[in-house]
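Please open the model in your viewer and keep the sequence panel beside it. The tour below goes from one selection to the next and says what is there at each stop.

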Amino acid sequence: MTKSVQTRIENEIKSMKRGSILFPSNFDDIGNVEVVKKSLLRLENKKFLVRLAHGIYLYPKQDKLLGVLCPTIEEIAVAIAERDKARIIPTGTTALNKLGLSTQIPMNIVFLTDGAPRSIVVGKRTVKFKRTSPKNLAVKGEITSLIIQALKEIGKDNVTAEQLEKIKRHLEKEKQEIIEHDAKLAPVWISKIMKNN
């Protein structure tokens with residue numbers, strides 16, 4: 001019984017792209033959760049899969065020099081959000097880093113979400129999903145949502161002219177109607193910065 005489930009899971013994974021992030025719930029239609037978990041564990045022992053964190057597996061992509069290419073912590077967070085049908089927005093240092101406003105790479109990444117709040121340990125790093133109000137997730141633009149979160153992290157009185165210049169350059173890539181829509185959802189001082197680009 002378990003053997004055939006394992007074979008079916010293995011065959012299904014083979015049809016996926018290398019580098020895919022998998023969860024036991026991907027195989028709900030093949031067997032019950034316990035059998036699926038045991039099968040994934042066996043596939044990990046066979047080195048067919050790599051376990052990224054509890055209940056999160058990788059169908060590894062190999063590089064001749066680097067070995068297994070692991071996904072970024074953000075790619076893992078996005079995969080979890082897709083599985084949970086939740087929306088997420090990176091906050092704090094992550095938002096600053098993505099916009100080039102900080103070179104600091106955060107060890108612990110925090111995402112605002114409308115899904116379940118939780119923390120997931122991946123290697124030495126932690127992904128934290130923090131529940132937030134729908135208003136924070138109502139922003140439409142990827143750039144504008146990063147800008148709002150980055151500015152909140154910097155704080156009203158700490159924004160430098162250089163940071164404002166970088167933010168302005170990012171806003172030039174965003175559609176005007178998206179900026180106007182998202183500015184209404186931001187704190188007043190951030191809204192002013194967004195509208196003055």
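Begin with the strands, and select β1, β2 and β3: these 3 strands form an open sheet in the order β1-β3-β2, with antiparallel pairing, where two strands count as paired if DSSP finds at least two bridges between them. Helices (H or I, at least four residues) and strands (E, at least two) are DSSP runs, numbered from the N terminus. The edges of this sheet are β1 (21-22) and β2, each of which pairs on one side only. Strands of a sheet pair through backbone hydrogen bonds, either parallel or antiparallel. Between β2 and β3, which run antiparallel, there are 3 bridges, and if you pick A53 you will find I56 of β3 standing opposite.

This is a predicted model, in which local features need pLDDT of at least 70 and side-chain atom pairs count only at pLDDT 80 or more, while totals for chains, interfaces and linings use all residues. Residues are numbered from 1 along each chain as its sequence is written, and side-chain values use heavy atoms, with hydrogens and water left out.

Next, show the aromatic side chains; the structure holds 2 aromatic pairs (rings of Phe, Tyr and Trp, the last by its six-membered ring, with centres within 6.5 Å; planes under 30 degrees apart are stacked, over 60 edge-to-face and the rest tilted). One of them is F48 with Y59, a tilted pair at 5.4 Å centre to centre and 40° between the planes. This pair links distant parts of the chain, 11 residues apart, since F48 lies in the loop between α2 (33-45) and β2 (50-53) and Y59 in the loop between β3 (56-58) and β4 (61-63). F48 is buried at 12% relative accessible area, and Y59 is buried at 5% (buried means under 20%, exposed over 50%, partly exposed in between, with a 1.4 Å probe and protein chains only).

Now select F111 and F129, whose ring centres are 6.0 Å apart and whose planes meet at 25°, so the pair is stacked. Because F111 lies in β7 (residues 108-113) and F129 in β9 (residues 125-131), the pair ties together parts 18 residues apart in sequence. Both F111 and F129 are buried.

For the last stop, which helix packs against α6 (residues 142-154)? Select α9 (residues 188-195), which packs with α6 at an angle of about 130°, the axes being 10 Å apart.

Methods. Axes are lines fitted to C-alpha atoms, for helices over the stretch in contact, and angles run from 0 to 180 degrees between N-to-C directions.
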